[in-house]
Amino acid sequence: MKIYNIRDIDGFFNVVNQCKGKVELVTGEGDRLNLKSRLTQYVSMAHIFTADVIPEMELVAYEEEDMNKIVDFMLRDNRNTIE
């Protein structure tokens, strides 16, 4: 799933940290990084941050409940986009 324009970055990572299963960030090269890892969160924020917004991320959540949590979070703010 691709998500765009994440403005509440702390809220987003709080939701990810509450997920029960694996949530992975897919890099442009196709590598998958554990997004629940603090190190990955810091590296991803430093790498894709522009003007307090994460412009685009591709995620894989392995549990349906976790995917629903992320989608619910994204839908709370209508400026976010999900594919």
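Helices and strands are taken here as DSSP runs, of at least four residues for helices and at least two for strands, and are numbered from the N terminus. On this basis the predicted model follows the pattern β-α-β-β-α-β-α-β when read along the sequence, and its secondary structure comes to 3 helices and 5 strands. Of the 83 residues in the protein, 39% are buried.

Helix α1, which spans residues 9-18, packs with helix α3, which spans residues 64-76, at an angle of about 165°, and the axes of the two helices are 9 Å apart. Because angles over 145 degrees count as roughly antiparallel, α1 and α3 are described as roughly antiparallel to each other. The crossing in which α1 passes α3 is right-handed. On the α1 side the residues that meet the partner helix are G11, F12, V15 and Q18, and on the α3 side they are K69, I70 and F73. Sorted by class, the contact of α1 with α3 has 4 nonpolar, 2 polar and 1 charged residues.

Aromatic side chains were considered next. A search of the whole structure finds 2 aromatic pairs. One of them is formed by F12 and F13, whose rings lie 5.3 Å from centre to centre with 65° between the planes, an arrangement that is edge-to-face. F12 has a relative accessibility of 0% and therefore counts as buried, since the buried class covers values under 20%. F13, with a relative accessible area of 4%, is likewise buried.

A further pair is made by F12 and F73, for which the ring centres are 6.1 Å apart and the planes stand at 50°, so that the pair is classed as tilted. Because F12 lies in helix α1 and F73 lies in helix α3, this pair ties together parts that are 61 residues apart in sequence. F12 and F73 are both buried, and both are also listed among the residues through which α1 and α3 meet. Taken together, the ring pairs link F12, F13 and F73 into a cluster.

Terms used:
Residues are numbered from 1 along each chain as its sequence is written. This is a predicted model: local features need pLDDT of at least 70, side-chain atom pairs count only at pLDDT 80 or more; totals for chains, interfaces and linings use all residues. Side-chain values use heavy atoms; hydrogens and water are left out. Axes are lines fitted to C-alpha atoms, for helices over the stretch in contact, and angles run from 0 to 180 degrees between N-to-C directions. Angles under 35 degrees count as roughly parallel, over 145 as roughly antiparallel, 65 to 115 as roughly perpendicular and the rest as oblique. A crossing is left-handed if the near helix is turned anticlockwise from the far one by less than a right angle, and right-handed if clockwise. Contact means heavy atoms within 4.5 Å. Ala, Val, Leu, Ile, Met, Phe, Trp, Tyr, Cys and Pro count as nonpolar, Asp, Glu, Lys and Arg as charged, and the others, Gly among them, as polar. Rings of Phe, Tyr and Trp (its six-membered ring) pair if their centres lie within 6.5 Å; planes under 30 degrees apart count as stacked, over 60 as edge-to-face and the rest as tilted. Buried means under 20% relative accessible area, exposed over 50%, partly exposed in between (1.4 Å probe, protein chains only).
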